[in-house]
Amino acid sequence: VPGGALAGLRICDFSGQLAGAGATRLLAAFGADVIRVEDPVRQGRWDILRGSYPYVDERRGINLGGAFNNHNVGKRGVTLDLRQERGRELARRLAAASDVVTENFAAGVIDRLGLGYERLRELRPDIIVVSNSGFGRTGPYAGFKTWGPIVQAVSGLTATAGLPDREPAGWGYSYMDHMGAYYMALAVLTAVVERNRTGAGQHVDMACTETAMTLSGPAILDAEVNGVPGRRPGQPDANHDETADMVPHAIYPAAGEDRWVAIACRDDVDWRRLAGALGEPWAADPGLADAARRKAREDELDGLIADWTTGRTPAEVVEKLRAAGVPVAAVASPQERIDEDPRTAAWGLWPQVEHPDMGPVRVDGIGMHLSETDWVIDRPAPRLGQHNREVLAELLGLADAELDELEREGVL
Amino acid sequence: VSTPASTPAGPLDGLRVVELAGEHTAAAGKLLADLGADVVVVEPPGGAATRRLGPFAGGAPDPERSLHWWFFNTSKRGLVLDLTTADDRAALGELLGRADILVESAGPAEVQAWGLDAVRAEHPALVHVSITPYGRGAGEQPPSTDLTLLAAAGIPWSCGYDDRSLPPVRPATGHAAQVGGVLAATGALAAVLHRATTGTGQHVDVSLSAALNVTTELATQAWLVAGATVRRQTGRHAMAIDTQPVQVRAADGHYVTTGFLPSSGAELRGVAGWLAELGLTDQLEEGFWLEMGIAKGGVDRNSVDPEDLAIRGTAREALQLIARNTTALEFFEDGQRRGFQCGVIQFPDEAFRGAQSIARGFPTPVFHEELGRAVSYPGAPFRSNGAPWRIVRRAPRIDEHRGQV
């Protein structure tokens, strides 16, 4: 068992994709013993990332999925056929040997497998079960199927991400799988803190669409308090500042193919710095000196700034405006922020693991460091069924002969 | 409506938190407070800068009516301290002596002026959480905002339109602080659990830049693993290849997302049946491909066989045709009930007042004396059958709890 802040905490993990696997990945990095349970019959493909893009080379296979490796570093992996009663029985025993059970099947599936909270608490009264689904376990949408983009659409995150008078642009990835994973990890640790104080376990019902709505609090209150609906002329208007204080505040074109730079003036002082750096006669207009008047002329101002940025490279714009003290950043490409940004390198943000099939691969690190018990990411995702014998012998005391038989019967 | 005396204890009951109100602290503090920790938010004289963030209740700027402040400071108690004075720094020291967790987002100058560097030596059991743009160890850094942090971390690289002459999009509503907030709360609890076995606290150093960089999914994975660069595409995943549009404007002008394309036999039969019920079968061009797909018992989702592509393409057109002839909400609810993983694109307030949110009691009343009524706030990010997530009280007014604290 590795050290770390969460050493001694065992998690029996039926979750997958990113929304579930990302939660237990975080906990594993801080020392939790995470045992990921997968299906031997479909080779773990309930998780669509098992064996899926991206790949390190032309090889394809169930142990070669790059995103799966990323989201499952530091976990142990077992296979159990939950269609068979013996598989379900082993899963229950594994759960009872764990502090926490995590899952993100569609709502209710875990109960039908005989692995629901009520069943498991008979085996271990202080068990913590954390369920993460799109809409939660109750309500008219409980049975609906989701993944990140659906959660984002239904909860309001897609609609608010766009440019005025256009269709929504949304998020170009499953942001709510990342955030769902973070909140799921918080739910696990909250329940563990409570159990340690009271001795009682619990069942957490996390609905990712509700989690997502909590990310739009001020907009929801604007509707509830002031009667201002989100759907109104001029919306969405994501690149401008929704608090209306910061003008200019947008993403402007730069020289080069599809290059862009973000500029924000926090206050009138920033504006004077920007105006000085631009050095254009129009920027000296006293009618632009305060934020309210700049707001009234925001489109005109954006056009004038774009005229200035469009002939300059992102590096030129950043250098000039940063020297003036104005918040500015290029819209970074993956290569720029991963391979060329000294800050992410200094953070150790891209640790490398040695995967038995993929070879050395860099993966996501974590955006916080703990001074005494920091995260460790140095083990790859498990190969399918890699730790069957180790885990079942160690935790359930199964002997070699039993394990041989379970393999022959296809339970493992 | 909630009052401290009648509100149940939350799961984090007994944890004491001091939050030095900063640009990035409020989300972490709210998470801990609504989950039951006793959070005292410490503001400078005149109130925290985040009280100036709009929109405001009633519309006019007022530090007591910032909806941003209201939302992100529920369940906290408020206290003003002038940390430029020795007396108030001593008062902070007393508070920290009784606290389990400190949350702050101070810049280098404030760290020095407020003596935060000495906090861990003075309070070795304290969990000290800092939430800063580049991490506490990074030293003096160029100025940043949510917009520039997200840009530098590659979020708008993946967000925008198929027409890439349009600017990339920064999703609004302050996600830097929200990603940092949930990470900080999680790190704080991990450190609290470690302290329970060892008695020692530690520094939890959250970097918004680092946190955002590793919250970008495929853009990062494609580069790290395959050396591929994704491109932004309207309303769907940024990919290294261009994919087909998924958003459709429905009959009421609202948008839907069609989700994964129907491909199995059951899914293709479902589309055909839905078309027929709406009387749209004859309007589908080359509808025979749908029939052929059904006759074949479905097609592989990833097949590039021309016939299979035509079948999946026709199924897509069928869904788009249905969407154009229904309201967006009908398309979503009917489609989901037929087993399609589709969505309706709603604004947050529409989702908040939607059927699922209401049925689950997600809107949570919080009484505001200044309005003479309760306001419905977004509810729990997750719920449980243990001690409940709850809002104990509305956000504090400036220095409201001086007497208590």
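This is a predicted model: local features need pLDDT of at least 70, side-chain atom pairs count only at pLDDT 80 or more; totals for chains, interfaces and linings use all residues.
Let me turn to the aromatic pairs, of which the count over all chains comes to 16. One of them joins Trp274(B) and Phe340(B), whose rings lie 6.0 Å apart centre to centre with 15 degrees between their planes, and this pair is stacked, because planes under 30 degrees apart count as such. Since Trp274(B) belongs to helix H11 (residues 265–277) of chain B, while Phe340(B) sits in the loop between helix H14 (328–337) and strand S11 (343–344) of chain B, the pair ties together parts that are 66 residues apart in sequence. Both Trp274(B) and Phe340(B) are buried.

Coming back to Phe352(B), its ring forms an edge-to-face pair with that of Phe362(B), at 6.0 Å centre to centre and 75 degrees between the planes. Here Phe352(B) lies in helix H15 (residues 348–352) of chain B and Phe362(B) in the loop between helix H16 (355–359) and strand S12 (364–368) of chain B, 10 residues apart. Phe362(B) is buried as well, with a relative accessible area of 0%.

Ring pairs also link Phe135(A), Tyr141(A), Phe144(A) and Phe332(B) into a cluster, which includes residues of chain A and of chain B.

Finally, there are charges placed over rings: Arg343(A) lies over the face of Tyr134(B), 4.2 Å from the ring centre, and the charged end of Lys30(B) sits over the ring of Phe71(B), at 4.5 Å from its centre.

Definitions and conventions:
Residues are numbered from 1 along each chain as its sequence is written. Chains are lettered from A and ligands numbered from 1 in the order in which they are written. Side-chain values use heavy atoms; hydrogens and water are left out. Rings of Phe, Tyr and Trp (its six-membered ring) pair if their centres lie within 6.5 Å; planes under 30 degrees apart count as stacked, over 60 as edge-to-face and the rest as tilted. Helices (H or I, at least four residues) and strands (E, at least two) are DSSP runs, numbered from the N terminus. Buried means under 20% relative accessible area, exposed over 50%, partly exposed in between (1.4 Å probe, protein chains only). A charge sits over a ring if NZ of Lys or CZ of Arg is within 6 Å of the ring centre and within 35 degrees of the ring normal.
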